[in-house]
Amino acid sequence: MKKRTVRGSASGRPIMALLDLLGRRWSLRIIWELRDDRSLTSRALRTACDEASPTILQTRLTELREAGLVELVAGDGYRLTALGKELFEHFLPLHQFAERWSRFKAR
C-alpha cells in the first residue's frame, strides 16, 4: 500500500490507513455481513445494514474494493476477498471478547 496521509495521522503508516478505513461508517458492518463466504447483492447488503444510505454504502463498497478487501462478482454480488477473509479472522477474538464483556457489563 502506498504511503498516504490519513485522517488523524500524517505518517501514512499501514495500521493508520487500515484503522482509518475501518473506522468509516458502515465499513466494519459490510465486512461483518459478508462473512461466512456469503455474497450479497447491493440491495441485500443494504437490507442487512439496516437500510444504510445507498450513496454511503456504495462509497464504502468502492473504498473496500480499492483496498482489496471486497470484490464484486458478476451475477453474484459482493463478497470478501482472500485478504478480506483474513482480516475478518482477526475480528473473531474481538467478537468473542465483546460477548464476554457484554455478560460482565450486564451484571
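In this predicted model, phenylalanine 88 and phenylalanine 91 are both buried. The two residues lie in helix 5, three residues apart, which is about one turn of the helix. In an α-helix there are 3.6 residues a turn, so residues three or four places apart point the same way. The rings of phenylalanine 88 and phenylalanine 91 form an edge-to-face aromatic pair, with 6.2 Å centre to centre and 75° between the planes.

The count of aromatic pairs comes to two. Tryptophan 32 and phenylalanine 88 form a tilted pair, at 5.5 Å centre to centre and 55° between the planes. Because tryptophan 32 lies in helix 2 and phenylalanine 88 in helix 5, this pair ties together parts that are 56 residues apart in sequence. Tryptophan 32 counts as partly exposed at 26% relative accessibility, whereas phenylalanine 88, at 7%, counts as buried. Trp32, Phe88 and Phe91 form one aromatic cluster.

The buried residues of helix 1 (residues 14–22) are Ala17, Asp20, Leu21 and Leu22. Their cover includes helix 2 (27–33), helix 4 (54–66) and helix 5 (82–105).

Charged side chains form twelve salt bridges. Aspartate 37 pairs with lysine 85, the closest N and O atoms being 2.7 Å apart. Aspartate 37 counts as exposed, at 58% relative accessibility, and lysine 85 as partly exposed, at 36%. A further salt bridge joins arginine 46 to glutamate 51, where the closest N and O atoms are 3.5 Å apart. Arginine 46 is partly exposed at 23% relative accessibility, and glutamate 51 is partly exposed at 38%.

Strand 1 (residues 70–73) and strand 2 (residues 77–80) run antiparallel and are joined by four bridges. Three residues lie between the strands of this hairpin, in which glycine 75 takes a positive phi near 80°. Glutamate 71 stands opposite arginine 79 in strand 2, and the side chains of these residues meet in a salt bridge of 2.7 Å, N to O. Arginine 79 counts as partly exposed at 32% relative accessibility, as does glutamate 71 at 30%. Elsewhere, salt bridges that share partners join Arg29, Glu33, Arg35, Asp36, Arg38 and Asp50 into one network.

Conventions. Residues numbered from 1 in each chain as written. Predicted model: local features only at pLDDT ≥ 70, side-chain atom pairs only at ≥ 80, totals over all residues. Heavy atoms only, no water. Pairing = 2+ DSSP bridges. Buried < 20%, exposed > 50% of the residue type's maximum accessible area, 1.4 Å probe, protein only. Contact = heavy atoms within 4.5 Å. Phe/Tyr/Trp six-rings, centres within 6.5 Å; stacked < 30°, edge-to-face > 60°. Salt bridge = Lys/Arg side-chain N within 4 Å of Asp/Glu carboxyl O.
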